[in-house]
Amino acid sequence: MKKFSQLAIPYIVWAALMILLPLLLIILYAFTKPGNEFIQFSLTLEHFAKFFTDPDFLLVLWRSLVIAFKTTLICGVLGYPVAYFIARSNDRVRNILILAITLPMWINMLVRTYAWIGLLSDGGILQKLLGLLGFGEPKLLYTEGAVLLGMVYNFIPFMILQINTSLCKLDHSLLEASADLGADRFQTFWRVVFPLSLPGVVSGITLVFLPAVSSFFIPKLLGGGQYFLIGNVIENQFITVGEWNFGSAISLIMVMVMMLSMYAVRRLDRSGGREEDRL
Amino acid sequence: MEPKKLIQFRNIVKEFDGQIVLKGVNLDICENEFVTLLGPSGCGKTTLLRILGGFLEATEGQVIFDGQDIAGVPPYKRELNTVFQKYALFPHMNVYQNIAFGLKIKKMSKDVIQQKVMKMLKLIGMEGYEDKNVTLLSGGQQQRVAIARALVNEPKVLLLDEPLGALDLKLRKEMQYELKRIQQEVGITFVYVTHDQEEALTMSDKIVVMKDGEICQVGSPLEIYNEPANRYVANFIGESNILPAVMVEDYKVRFDDITFDCVDHGFRPNEKVDVVIRPEDIDIVEPDKGKLTGEVLSVLFKGVHYEVIVETVPGTTVTVKMHVIGNRDVTSQNGKEKISANDFYVDIEDLDQLDEKEIVARSDAQAWNPETDEYISISHIDCKLEKKLGSYPVTFSTSSGTSVQRTIFVVNQPFVRNEKANEAVMAFNFFKAVDEIKESVALDTDLKTWASAQAWKLTDENESVDISVDYDFDDENIQEGVYNITFSTTGREFKIHTTDYVEEGREVGLTFFPEDIHVMEKMVF
Amino acid sequence: MKKQKRPIGKFLMGLTLLFFYLPIVFMIVFSFNDSKSLTHFSGFSTMWYTKMFQSRDMMESLYTTIIIAVLATAISTFVGTITAIGLSKSRRLVRRLVLQLNDFPIMNPEIVTAIGLMLLFITLRIERGFVTMLLAHIAFCIPYVILSVMPRLRALDPNLADAAMDLGATPWQSLFMVLVPQLMPGIVSGALIAFTMSFDDFIISYFVTGGGVKNLSIMVYTMSKRVNPSINAMSTLVVVLITLVLVAINLEPLLRARREKKK
């Protein structure tokens, strides 16, 4: 029906303007000199040169990747057993647990992160609890640990839900087949369940790693400004300094690094799956 | 020598959420037997298999395997393997890894595994497929891999849960032979679950027919086919003529008012029974040589044989008169409205249900605008009916006053009773205009409606019986007049498989040997 | 499978839920504290709520948040539904390209979408403020609406609209009398997602706003450096509002089932 297909036209125009054009602009700004008119611009690589020759920027990028990596690792290690527990519950319990995990995700990330400030602050509950347990009374807020905690807190639901979905999709008869062929629970898990849940783990990694690399308000709120990540650099360039061209270049670099790491993870999964269990 | 009993089910009861799926099943399975659990879905056959496999626990009863109760033994310690309904091949492993799975769990050395897997691939005829991705195999190949994966562990028993269900017809036939061959070659017990009677008959040494969580009959395919224990088994296995009968005395059974010799005995005198005669056991002969005579209703060629339907006892019939009249629409004075309706008959007993809606429907009263063809609603019906036989005038009119008068005949309509066939048929005479018959798109159905034709069981008035319509006018060129219409039920029909052609409509005789009559106990529901 | 007690799993699950909800509960509790402290609960009071309601800044941001969320939801639900229907009747190539494009704002790191839109407004010399924030919110809400309407559309009989027109409905009638009612569950859940996304948004709003226009998130962010329990009060308000919307989302299918039963 020709008439109906025309209904999509306004959005196609809108999407070109509001989705595609902004992305092109980021690329354009990244490669042009600041202060130029939109009509006449001069291409340059100076922003990239600036970034890659300044050890401070490189350090920030490295630090962002490291903390995102740590976050992903913790989310995976903690999230997997939780997801497994949920997947093995009966339908009713499973639905309730999934709702319980989804619910906080809908509440403003910023608000949820802010809520930690009180818990972590000096003289706060957590510090006292650690003191009682004999860990002394360490400083918690405005440390790397606090930033890591905030990230895990914000992103672990994605990991749990992804893994849970892939575990639930698992055909129950595969577990029966494995038991039938002589594998006990432990063997069934490592030889059948885990390898088949890897796609969920990979998409979980994607959903945790990417926002962790680019996050800027978690380090700002819980790291207290001492803990500067690549997202904070971009924020600074755009909001405080106003160097949009350099800011665009940095975000372009960030996106490239993200894509590279995701490519690496996917490769790893695929070859890992094939290598698994080879004679 | 008595074969050794390998598996014994002792009074197995299984309950799911208060629903009893198995009602105390007792069954012995011997060594090297191909046993089929046969029954419709929901009969409990898969549940029984899963209890044997260890995936379910029986609520009550024992499963004895090789002399030991295996109730608490988890699946991975049982000496049997399963081929699952949809194969349950591990999608992240190739053919080789799937088959090697069980051996690797047992920590066998690599070269032993290699040797055994290769042997299995040879058995299933899939050498050279070891590196193939199992998700890319055809259904039949996946099936073979699933069998190999189970058999490589050298189980004492192989359980197969509807393994051919997902395959197409041709492949299914091929796999039936393949499975039988594999079973004979490896020489172990197969317990096979299916709802397909043909599969069961082809492959099994022993068939277990199940219904509603109970075993109906256990026996060899031949026994089950030739001596079904009851109507249910007879119906489920193969095609059959099943009829109610009375066992007059030993070796004498009576049905359709004729007493026949048979080979069955041990029933009470005059006990009500069911009789099965297989279609291929009946021969068609000259009418005077037959034990029964009848008319050939239909002949269908089925590839190897003809399937002939012979009616030995005619059905119940009733003939009514159709009064075909000219079109008698009434047109209003201004020509803007037309109205039409028919006279009709009504049974005095149905008078109570005759409300205005029903009168409009029975008389087919309608009003319309002849220019636009738009319908106009009939706003007023004037008629005084009494619960007495006779004819009563009825007037239909629209809101603008266009009206037509017709007659309702209240009659005491007799119905035809047929005690022998336990049924009754009834229909009414009726009036129709020429155009209404010509315009009918489904005349048979319309005739039944117009005549209010119905048939029912004498023993249960609510159980209706199918009727067919017969008439000999040409509905395309029908003229005014009176026509006979006959409504009839199906009589006693026999299905016969024969290689000789007979003409439809011929009078023939049917004959069979005393041993072809299989007498069964009446089923108690 | 046999039911097991699974004590370790239960313990872990409990810990996880505690981890998820502790900060939120903590924040709600301390919004009723009668002192400025974030560590000592000295007594119950609603003073921080009073302060919040008296603060012009906070009330303005609450107002902005709600207005933008309502407008963005209404516009994006309408446009998203119409577009989804249009796309379902478009050629495959067009549909795939548009859906691909549609996925960008969902898949991209939010900060990238944010700076992209900021650059767009700068380049087009649109003064940043309420309007730009609204446009940006519409831009990131529509993809979610399309995403939740599309699957229902796919499940629909493709001949439905044709059947309606065959029976004499005009294209617009068949759209609103046949297609839209069929898509209602998808449209409703799309609208609810759009509302919560808009209501909660921080990153994109933060980059595309200007002229002192703030929503609640920006408010919290800019005030977080100083201890101000009014933020707790405001955050509690946000939590309550979003929870209400979520309850609506989760009750909706239940209510619909009941309504259908009644029929």
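The model is predicted, so to speak of local features a pLDDT of at least 70 is needed and side-chain atom pairs count only at pLDDT 80 or more, while totals for chains, interfaces and linings use all residues. Residues are numbered from 1 along each chain as its sequence is written, and chains are lettered from A and ligands numbered from 1 in the order in which they are written.

Chain C has 263 residues, and 43% of them count as buried, that is, with 20 or more other C-beta atoms, placed from the backbone, within 10 Å of their own. Among contacts in chain C (C-beta atoms, placed from the backbone, within 7 Å) with a separation of 6 or more, 76% link residues 24 or more positions apart.

Turning to the partner chain, 60 residues of chain C touch 61 residues of chain A. Helix α1 of chain C (residues 7–30) supplies the largest share of the chain C side, with 13 residues. That side has 42 nonpolar, 14 polar and four charged residues; Ala, Val, Leu, Ile, Met, Phe, Trp, Tyr, Cys and Pro count as nonpolar, Asp, Glu, Lys and Arg as charged, and the others, Gly among them, as polar.

As for chain B, an automatic or database assignment sets the domain bounds: domain 1 covers 5–233, domain 2 covers 239–314 + 511–521, and domain 3 covers 317–489. The centres of domain 2 and domain 3 of chain B, taken over C-alpha atoms, are 42 Å apart.

Note on methods
Buried ≥ 20, exposed ≤ 12 C-beta atoms within 10 Å, placed from the backbone. Contact = placed C-beta atoms within 7 Å. Helix = DSSP H or I, 4+ residues; strand = E, 2+ residues; numbered from the N terminus.
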